[in-house]
Each structure stands twice: as structure tokens, then as C-alpha cells.
Amino acid sequence: MLFRSEWTNHDPVEHNVTSASGPSKFASKNFGEGGTFKVTVTKPGIIHYRCTLHPATMNGTIEVVQ
């Protein structure tokens, strides 16, 4: 089982994507407008993620099921 996710920055300020909890850990570098970050998850579970630069407003959840 594979789940792939991709984030693209459409803002003029930098962002990143960092897992906060869950079975898979990942962290991007900061990326500017037009930049992308891709992750492949192979374990089922719930992953909470956020932009560490803007954690209050830029966060989400991925649920991977078998």
C-alpha cells in the first residue's frame, strides 16, 4: 500500500510541511512560491502535519487506510 501526497506553495512567503504525529515522520525544507514537497506513506494511520512557520493556520490531517 502506498499513499502519495504533494503540496505546492502558491504564496509569496515560504512554507514547509512537517509531520506532528502519526506512524510516518517527514519534514520538508522551507520552500517558496512555486515550490513543492512530495511524500509517500506506506503505513496506515492518522498523520497530523503543519507548517512550522505558520502552525496555527496551516495544518491538516492525512488518514491512510488499508
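**View 1. The largest nonpolar core has 11 residues: W7, V17, F26, F31, F37, V39, V41, I47, Y49, I62 and V64.** Two or more core residues come from each of β3 (36-41), β4 (45-50) and β5 (59-64). β3 gives the most, with 3. A nonpolar core joins buried Ala, Val, Leu, Ile, Met, Phe, Trp, Tyr and Cys residues through side-chain atoms within 4.5 Å; buried means under 20% relative accessible area (1.4 Å probe, protein chains only). The model is predicted: local features need pLDDT of at least 70, side-chain atom pairs count only at pLDDT 80 or more, and totals for chains, interfaces and linings use all residues. Residues are numbered from 1 along each chain as its sequence is written, and side-chain values use heavy atoms, without hydrogens and water.

**View 2. W7, F26, F37 and Y49 form one aromatic cluster.** Rings of Phe, Tyr and Trp (its six-membered ring) pair if their centres lie within 6.5 Å; planes under 30 degrees apart count as stacked, over 60 as edge-to-face, the rest as tilted. The whole structure holds 4 aromatic pairs. W7 and F37 are stacked, because their planes sit at 25° with ring centres 5.9 Å apart. This pair links strand β1 to strand β3, 30 residues apart. F26 and F37 are tilted, at 6.2 Å centre to centre and 35° between the planes. Both F26 and F37 are buried.

**View 3. H15 lies in the loop between β1 (3-8) and β2 (18-21).** H15 is buried, at 7% relative accessibility. Its side chain makes a polar contact with the side chain of H54 (3.1 Å).

Terms used. Helix = DSSP H or I, 4+ residues; strand = E, 2+ residues; numbered from the N terminus. Buried < 20%, exposed > 50% of the residue type's maximum accessible area, 1.4 Å probe, protein only. Polar contact = N/O pair within 3.5 Å; in protein donor to acceptor, adjacent residues only side chain to side chain.
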